Structure formats: structure tokens, C-alpha cells
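Dear colleague,

Please find below the sequence and the structure that I am handing over to you. My notes on the model come after them.

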Amino acid sequence: MSGRDAARRQFLAWGAGALATLTIAPGVLLLRPVHGRAPEQAVTGKARWGLLIDTNRCAAGCDACVTACNRENGLSGATRETDAQWIRKVELRDPRTGRKASLPVMCQHCEHPPCVDVCPTGASFRRADGIVLVDKHICIGCRYCMMACPYKARSLVHEPLADQQPDVPRGKGTVESCTLCVHRVDRGERPACVEACAAAGRGAIVFGDLNDPASAIARRIAQYPSVQVRADLGLNPGVRYEGI
Amino acid sequence: MKRVLEAVVVGAALATALATGWAISQERGAPAGRVPKPAIVQARGDKCVEPVEFMRRSHMQVLLHQRDRTVHEGIRTKGHSLKGCVECHASAATGSVAAEEGDFCRSCHSYAAVRIDCFECHASRPQAVAGGVKP
Amino acid sequence: MEIAYREIEGRSGAYWLLLAVLAAVTAAGLAGAWAMEHHGHIVTGMTNQIVWGMPHVVAVFLIVAASGALNVASVASVFGKDFYKPLAPLSGLLAIALLAGGLAVLMLDLGRADRLVVAMTRYNFTSIFALNVFLYTGFFAVVALYLWTMMERRMNRYAKPVGYAAFVWRLVLTTGTGSIFGFLVARQAYDSAMLAPMFIAMSFSYGLAVYLAVLIAAYAWSGRELDAAMLRRLKNLLIVMIAAVLYFVAVFHLTNLYFARQVAFERFVLADGGIYPALFWGGQMVLGSLVPMAMLAHPRLGAARGTVVAASLLVILGGLAQMYVTIIGGQAFPLELFPGVEATSSFFDGRIHPYAPSLPEFALGLAGIAIAGMIVVLAVKLLRFLPERLDARLGESS
């Protein structure tokens with residue numbers, strides 16, 4: 001049933017989109033961000049959001065992406081073992097060659113996410129556009145997803161919180177991780193870390209639609225070598241790295 | 001004598017279990033105060049997103065439906081959004097819908113002995129006044 | 001001869017004292033759970049690195065032991081050994097009690113224990129965890145039915161088929177419990193197909209140890225007769241089970257050592273991981289396996305009640321040590337995101353994660369054991385689980 005429904009909805013959506021394009025002046029259209037979607041439109045599998053991180057442009061000691069993420073999502077920024085960290089800077093050193101690299105690690109938004117497979121209530125889920133999320137309304141805090149995640153991307157909220165960001169509800173006893181700033185993406189904006197990295201003059205993180213061959217991210221991964229972390233697990237993450 | 005002892009031990013065990021269960025259930029949300037009648041805070045705007053009668057009776061279904069549509073399908077219409085409720089219904093006194101007993105979402109709920117956990121996570125104040133550190 | 005089952009008297013001061021102690025431990029555990037619920041998991045030693053802690057160690061032990069405790073009953077009805085028949089009801093009771101204790105701990109440890117309704121009504125069927133919820137509920141039902149067919153004379157003739165069902169169910173259940181860890185492919189500690197069979201062997205051993213300890217205690221305290229021949233058979237069975245576990249543990253670690261990428265982890269739990277090798281060698285191997293085996297095999301002392309109880313308790317402690325090494329040790333060893341490369345970060349990448357269980361979570365874990373104990377202590381008083389005399393001739397002639 002849902003398949004036909006979704007197809008119909010998609011058809012209507014495209015119809016509406018086409019109509020809008022015809023009626024609204026094309027100039028207005030150009031002002032809208034490329035991945036804009038009307039608020040009443042459901043996400044589809046047409047796009048798959050991803051990140052490409054160029055470690056050659058990422059500097060050790062720069063944590064602009066981390067602070068931006070904390071500010072955007074209302075995280076304290078504290079780094080005790082019980083504090084949530086949605087994105088972290090990892091410093092690598094190859095003992096054989098001495099080569100160093102610095103890179104941010106966050107939820108890798110897998111195509112086949114183990115957290116979703118193991119979640120007993122279905123709270124962990126993968127949105128149609130590839131963003132892996134926790135529905136905190138049905139998360140029971142069992143932390144099986146944290147056990148299953150190969151990237152250590154998830155955190156449990158260990159204490160009661162107050163003064164959360166209105167866009168990013170968070171609360172004690174539930175598991176959370178990078179949402180790819182889903183609230184911003186749905187508004188047609190880029191994730192906070194991507195903006196901050198660009199603002200810091202590095203532009204090491206590219207955000208875009210992996211499914212759209214014309215997008216900057218798709219063109220780059222088609223042209224230059226990039227890798228997925230723990231590619232051997234076959235999870236096909238939506239986050240890729242250059243230069244490691 | 002033995003019988004009495006029996007009863008006391010079993011009774012004590014049961015009482016501890018029940019008391020803990022009760023205490024845990026009390027943890028969520030505010031304790032139900034004895035409010036004689038809900039005094040509802042004046043809202044911003046001149047009408048609600050749906051007819052008032054309907055909202056009084058069915059706002060929970062509206063919210064839960066919107067919740068699933070937003071979280072799973074990315075539908076972000078303003079009308080039934082919880083953020084929207086907060087924006088119009090935050091009280092002038094506290095700037096919140098759930099900070100004090102008299103605030104909008106708590107007024108009827110304490111009266112009806114309903115407990116909600118929404119504001120453990122959701123901001124109970126509108127964006128502009130939120131305590132967060134927006135640039 | 002008929003087997004005469006009888007409730008125990010349960011009026012002595014000692015009986016009530018035991019019950020009171022168990023109730024007190026349970027109450028302390030509930031207080032711990034309340035603290036975790038009120039303040040959050042910050043009051044535990046668990047962190048975003050060690051995400052499963054002491055409660056899980058005890059809970060998984062209880063669940064694994066539960067399915068093993070059913071073994072005696074399975075042997076009686078599935079393999080037609082009438083000899084074990086009088087022992088079967090207690091076996092079923094222990095299975096239910098241990099499972100209930102384990103599940104209670106798992107539930108109370110949840111970040112949102114208040115969302116129990118969600119846990120019971122929403123299922124993701126690809127999750128082995130959710131599948132386990134069904135396996136556990138089914139286990140309760142099958143064992144309860146099994147108990148009924150054993151204890152109600154009119155139902156006796158169904159005991160065999162239901163016994164079969166219970167036996168198969170318990171194998172699946174333990175496989176399921178083992179698979180909870182087996183599915184965590186990313187973690188070196190659990191990425192092994194040996195895990196599920198190893199858990200089954202462990203369940204046999206831990207379950208039988210619990211069974212023996214409870215059986216002997218119940219008979220000693222209620223002043224009933226326990227036949228020496230019967231005890232000898234059971235303790236010999238325990239020796240075999242311990243040996244089976246040793247075999248699987250050896251194969252598990254040897255195969256792991258064979259894979260180059262697992263060697264670092266093996267070195268961690270077997271040699272230089274501090275508490276973990278200590279618990280593995282000292283707790284699981286020496287005190288939990290070799291010493292009890294030697295005690296039970298002793299020609300003269302081996303079949304003495306005291307020896308069997310002591311050996312059983314050692315096996316139980318060894319089992320808890322094993323769970324600690326498997327569950328906590330498996331998490332303490334850092335995940336390798338970038339194999340072969342040294343990694344550091346604010347989120348403790350590349351570092352051994354420390355863990356120190358706190359009082360509330362200790363209390364919660366102990367409460368699981370106490371809850372199981374209370375169920376047993378109350379049930380043998382209220383219902384007829386224990387044969388009045390345990391005599392080797394009983395089963396054979398009935």
C-alpha cells in the first residue's frame with residue numbers, strides 16, 4: 001500500500017512542483033537553495049545527502065566544526081566520558097610512516113546502518129533521503145545502537161537538560177547523534193559544521209546530494225579518490241574522506 | 001505470631017516495590033497540584049490553529065500526528081507544530097508554556113491530572129527568548 | 001512408587017530471615033534504579049564508551065543460567081531419563097525465576113524505564129533484541145505449561161511433547177542471547193561465530209550449578225532426604241558441563257588468535273588488560289572451572305553436599321567473572337576506526353576505556369539475583385515443587 005501511496009504522493013508533489021515553477025517567476029526560484037523542498041512535502045529517496053571531507057584541508061587544532069555543531073544543537077561542549085559528542089576531531093598518525101592527518105568524525109549516515117538493524121523499538125531509522133536519525137519519542141535508552149555502531153557516533157544523554165535549542169529537542173535517557181542538521185537541511189540550508197568550516201576559510205567539508213550526478217559532491221567523488229571509514233563492513237556510509 | 005511476621009514481611013516487600021514504582025512514575029513531569037479550575041493564559045494571535053473546541057479535545061492527537069510526520073517524513077508545516085504552540089501560547093509572566101503551574105500547557109493538565117514529558121526535551125520557550133546561545 | 005511433591009513448611013525464623021534479606025536487597029536495587037531514573041545514568045559508572053555495565057553483566061548471566069536451569073527437566077522428559085523426573089519441577093521453576101530476575105534488571109536499567117509500554121508494543125523485527133523479547137515471553141509460557149503438565153496428574157501424558165518444545169525453545173533462546181553480542185560485528189570482542197555455541201555451553205554449566213546449589217540448600221533447610229546416588233549423577237554432569245565450556249572457551253580464543261586483526265584484542269583480555277586477564281584467569285579459569293572440577297572429581301569428598309554446594313557457587317562466581325570479561329572487557333578495548341593507524345580524540349578514540357561500577361548499579365545487579373531468589377523461596381512454599389524425599393529409586397519405578 002505505502003509504495004503506491006508514496007508513488008502517488010511523489011507524482012502529486014512533482015505535479016505541484018511543476019505548477020509552481022510555471023506560476024512563480026523563475027527569478028524567485030533561483031533564489032531558493034538547490035535542495036529546497038516545500039514544508040508540506042515528505043522526503044523522498046530521490047536525494048541522498050552526504051558529506052565529503054578533504055583531510056588535506058583540515059588542520060590539526062582547528063575545531064570550528066565541533067564548536068559550530070555544539071552551538072547549533074545545544075550541546076555543552078564538555079568532554080567528560082558521559083558527555084554527548086556528535087562530532088569530534090580525530091588525530092591520526094601512521095606508525096609505519098609517521099604521516100599525520102586530522103579529520104572530523106560524526107555519524108556516517110550508512111546506507112545499511114547497524115544501529116537501525118539492532119534497535120528493538122524501531123526508534124533508530126534511516127530517513128528516505130539517507131539521514132540516519134533517532135526518533136527520541138520511542139527510544140527507550142537501551143543503548144544497543146551504541147554497542148552496534150562501528151564509528152562510536154552515538155551518545156546517551158546521562159543527565160537532565162534544560163534550555164535546549166527549540167529546533168533540537170534533547171533529553172535525559174535517550175540516545176542521540178549527528179542529525180546532519182536535519183532541521184537546517186529541511187529548510188534548504190547546509191549543516192552547521194559545513195558552514196563553519198567554510199567560514200573558517202578551509203572549506204574542507206562538502207555537503208550535497210550523492211544521487212545527483214551534477215552536484216559538486218558527486219562530481220568530486222567521481223573524479224578523485226575518496227574512502228569510507230571501515231569500508232570492509234559494507235555499510236556504505238554517506239560520509240567520505242579524501243586524503244587518508 | 002508467625003502468621004503476623006509472615007504478613008509483615010510480605011507486606012513490607014510489596015510496599016517497597018509499590019513505593020518505588022510510584023516514586024519513579026512521579027519523576028516524569030510536574031506533580032499534580034490541586035488547582036480548582038484551569039485558568040488559561042491568554043494566547044497570542046486571535047485564533048488557534050484549529051477550532052478551539054476541537055483543540056481542547058484533540059490537541060494530543062494533533063501533536064502526535066504532527067510529530068510522526070515531522071520526524072519520519074520531514075514534513076515541517078507550521079500549523080500543527082509544537083514549536084508553533086509554544087510561540088503563541090507562552091505566558092507573558094514566564095515566557096514559557098510549561099515553566100510554572102499556571103503556564104498554558106500545565107494549567108489544564110494539573111487540573112486533569114495529566115502528565116506530559118514533552119518539555120524534558122522540547123524548549124518550552126519560543127526561539128527568540130530561548131536560553132540557548134543563538135548567534 | 002508415586003513421587004510425593006509437597007510444599008515446604010516455610011515457617012521457621014530462618015525462612016523468614018532469608019526472605020527478608022532477599023526483600024531488602026531487592027529494595028536496595030529498586031532504590032538504585034530510582035536514582036538512575038531520577039538523576040540519569042550519570043550516577044552509574046557507565047559512560048558513552050562503556051555503555052553496558054554491571055546490570056548487564058548480572059542480567060545476561062541470569063538469562064543464560066535460566067535456560068540452562070531447565071536442562072534437568074529436559075533430560076528427564078526429552079531423553080526419557082526417568083531418574084531425573086522428580087527433579088524436573090524445580091528445574092522449571094528456577095528457569096522462570098532466573099529469567100524474571102534478569103529481565104527485571106534489563107528493564108530497570110533502561111534510559112527511559114518509564115517507556116516500558118513502548119518497549120512492549122513497538123517491535124523492529126530485524127533486531128535480535130526485539131526477537132529476544134518474544135523468545136523470553138514464549139519461554140515463560142512454554143515452561144509454565146511444562147510445569148503444569150508435570151505437576152498436574154491428568155496432564156502428565158503431555159509432559160513429553162511439551163518437554164520437547166521447552167527444550168528446543170531454550171536452545172533457540174540461548175542462541176538468541178549469544179547473538180545479541182554476535183551481531184555487533186564492529187566490535188572485535190564479539191565478531192565471532194563461536195559466541196552462540198559458547199553461550200549454550202555456558203548456559204548448561206551455570207544453570208546446573210544454580211540448580212545444584214538451590215536443590216541442596218532447599219533440602220538441607222527443610223530437613224528432607226537427598227539421595228547420594230542422585231547427587232553423584234548430578235555432580236558428574238556438572239563436571240562434564242564445565243569441561244564443555246572450557247573446550248569452547250579454548251576454541252574461541254584460539255580461533256581469535258588465528259586472525260591477525262584479533263590478536264591485539266586477545267592480548268588485551270588474556271595478558272595485559274589489567275582487571276580483565278585477572279578475572280579471566282583467576283576468576284573464570286581457576287576459581288570458576290579448574291578448582292570446582294577438581295573438587296567435584298575428588299573420589300572421597302566429591303559427592304559430599306558441602307563440596308557440591310561450594311563447587312556450584314564457584315562456578316556461578318566464575319560465570320559472573322566471565323560475563324564481566326565478555327561484556328565490559330569487550331567494550332573497554334577501543335573500537336578501531338582506522339585499522340593500523342594510531343588515533344586520538346576528545347571522545348577517547350584509541351584509548352582503553354576505564355570503568356568503575358557505582359553503588360546504584362551494583363545494587364540493581366544484586367537485586368536481579370534477589371528477585372530470582374524471592375520467586376523461588378516463595379514458590380516452594382506456596383506450590384508443590386519439591387519431592388518429599390529424593391531417592392534414586394523414585395523416578396525409576398514411576
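Predicted model: local features only at pLDDT ≥ 70, side-chain atom pairs only at ≥ 80, totals over all residues.

Chains A and B

Chain A contains eight helices and nine strands. Of its 244 residues, 55% are buried. When contacts in chain A between residues at least 6 apart in sequence are considered, 60% of them join residues at least 24 apart.

Chain B has five helices and zero strands, and its pattern along the sequence reads α-α-α-α-α. Chain B comprises 135 residues, of which 27% count as buried. For contacts in chain B between residues at least 6 apart in sequence, the share that joins residues at least 24 apart is 61%.

A buried aspartate in chain A

A:D129 is located in the loop that runs between β4 (124–126) and β5 (132–134) of chain A. Is this residue, A:D129, buried or exposed? The relative accessibility of A:D129 is 3%, and A:D129 therefore counts as buried, the cut-off being under 20%. The side chain of A:D129 forms a polar contact with the side chain of A:R127, at 2.7 Å. If neighbours within four places in sequence are set aside, the residues in contact with A:D129 are A:V43, A:T44, A:A47, A:R48 and A:W49.

Two arginines with positive phi

A:R143 is not a glycine, yet it has a positive phi of about 70°. This residue, A:R143, sits in the loop between β5 and α5 (144–148) of chain A. A:R143 counts as buried because its relative accessibility is 2%.

A:R230, likewise not a glycine, has a positive phi of about 50°. Its place is in the loop between α8 (216–223) and β9 (239–242) of chain A. With a relative accessibility of 15%, A:R230 also counts as buried.

I describe two helix pairs here.

In chain C, helix α7 (residues 159–182) and helix α8 (residues 195–221) have axes that come within 8 Å and cross at roughly 125°. That angle makes α7(C) oblique to α8(C), and the crossing of α7(C) past α8(C) is right-handed. Which residues meet in the contact of α7(C) with α8(C)? From α7(C) they are C:R170, C:L171, C:T174, C:T175, C:G178, C:F181 and C:G182, and from α8(C) they are C:L195, C:A196, C:F199, C:I200, C:S203 and C:F204. By class, the contact of α7(C) with α8(C) consists of seven nonpolar, five polar and one charged residues.

The second pair is helix α9 (residues 228–258) and helix α10 (residues 263–272) of chain C, which pack at an angle of about 140° with their axes 8 Å apart. This angle makes α9(C) oblique to α10(C). The crossing of α9(C) and α10(C) is left-handed. On the side of α9(C), the contact is made by C:F252, C:H253, C:N256 and C:L257, and on the side of α10(C) by C:V263, C:E266, C:V269 and C:L270. The residues in the contact of α9(C) with α10(C) divide into five nonpolar, two polar and one charged.

With kind regards

Technical notes:
Residues numbered from 1 in each chain as written. Chains lettered and ligands numbered in written order. Heavy atoms only, no water. Helix = DSSP H or I, 4+ residues; strand = E, 2+ residues; numbered from the N terminus. Buried < 20%, exposed > 50% of the residue type's maximum accessible area, 1.4 Å probe, protein only. Polar contact = N/O pair within 3.5 Å; in protein donor to acceptor, adjacent residues only side chain to side chain. Contact = heavy atoms within 4.5 Å. Axes fitted to C-alpha atoms, helices over the stretch in contact; angles between N-to-C directions. Parallel < 35°, antiparallel > 145°, perpendicular 65-115°, else oblique. Left-handed = near helix turned anticlockwise from the far one by under 90°. Nonpolar A, V, L, I, M, F, W, Y, C, P; charged D, E, K, R; others polar.
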